[in-house]
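Work through the exercises below with the model open. Each task is followed by a stepwise solution.

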Amino acid sequence: MPDEQLMPPSVAVREAVRILSAHGVASPRVNAEELTAYVLGVPRSRLALAPGMTGGQYARLRVLVDARAGRVPLQHLTGTAPFRHLLLSVGPGVFVPRPETELLVDWGLAAVRGIDAPVVVDLCAGSGAIALSMAQECPQATVYAVEDDPAALSWLRRNAAGSRVSIVEGDATDPAVLSTCDGGVDLVLSNPPYVPAGAFVEPEVREHDPARAVFAGPDGLDVIRRLVPRAAVLLRPGGHLAVEHDDGEQTSTVTSMLLADGLWGDVADHPDLGGRPRFATARSLAD
Ligand SMILES: C[S@@+](CC[C@H](N)C(=O)[O-])C[C@H]1O[C@@H](n2cnc3c(N)ncnc32)[C@H](O)[C@@H]1O
């Protein structure tokens, strides 16, 4: 039997780019390379050095490319999402963590620098991206992750297995949830649902991110409105809050909300990697 002819990965990538572009997938080359690397079992950075693809591998790639062309998220196809130094397990039932949220963690790490054993709470934890990053990058921290959706909780448990993150099952805005920590938390971080109901979102989000993770009432602020006062009770005097929000009108609404109730100082807003306003921060003035 003659050896099977192997297809150069560059040829497979070119064909995948063509299909993904024709279906309007954003960043078609990145997606094509990621899927080809996934099928070959190599990191994307090593794709140029990978051996050719067998017929079986190419057939598998075509199935994945067709699914991606049908707007299944790349991360659902590979089963993982990179976030800072983590590779999180994700799939149906949990929100895929986004790169912009990595900056919220940077801010959080700076906010607890110099505190010996900070207590950190991630409200609306999803896959655990924020909580697990804080635990990994601030090893002296005690970290709680609050989530109330059963499907998201099962992904969270899987990602947090073996970590130091304590999972709390419940409504992040409920005063009874984590009430033992009231007044003792150094940092509250949150990427809650914040998209206005009915707003346009890409098919990947509309059909594959859980609606509860994305939408929050007519102006998108249903959860943030209840979460900010809850954070004020959780935090010790001088403790810090960072909450992600929409890049439109919510920017001024969230900062106004923080300024209006007299409980917060150092209110500021911060841009994401694309320069759009993305998260608000404040320091508790309670005494
Ligand atoms: C936008 S996702 C963010 C997940 C994760 N923090 C991240 O950045 O990838 C919001 C998460 O909040 C959860 N959630 C929504 N409302 C909640 C509530 N009231 N209490 C607890 N979790 C909530 C959703 O199930 C979802 O997992």
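A backbone N or O atom of Ala 172 sits 2.8 Å from a nitrogen atom of the ligand. The protein covers 98% of the 590 Å² of accessible area that the ligand has on its own; areas come from the Shrake-Rupley method with a 1.4 Å probe. This is a predicted model: local features need pLDDT of at least 70, side-chain atom pairs count only at pLDDT 80 or more, and totals for chains, interfaces and linings use all residues. Residues are numbered from 1 along each chain as its sequence is written, and side-chain values use heavy atoms, with hydrogens and water left out.

**Exercise 1.** Find which polar atoms of Glu 147 and Ala 125 lie by the ligand.

Solution.
- Step 1: take pairs of N or O atoms within 3.5 Å as polar contacts.
- Step 2: a polar side-chain atom of Glu 147 is 2.7 Å from a ligand oxygen atom.
- Step 3: for Ala 125, a polar backbone atom lies 3.5 Å from a ligand nitrogen atom.

**Exercise 2.** Describe the shell around the ligand by class.

Solution.
- Step 1: count residues with a heavy atom within 4 Å. The ligand has 19 around it, with Cys 124 and Asp 171 among the closest.
- Step 2: sort them. Ten are nonpolar, four polar and five charged. Gly counts as polar here.

**Exercise 3.** Characterise the pairing of β8 and β9.

Solution.
- Step 1: pairing needs at least two DSSP bridges. Strands β8 (264-271) and β9 (277-284) are antiparallel, with six bridges.
- Step 2: Asp 269 has Ala 280 in β9 as its bridge partner.
- Step 3: five residues separate the strands in this hairpin, where Gly 275 has a positive phi near 85°.

Key:
Polar contact = N/O pair within 3.5 Å; in protein donor to acceptor, adjacent residues only side chain to side chain. Helix = DSSP H or I, 4+ residues; strand = E, 2+ residues; numbered from the N terminus.
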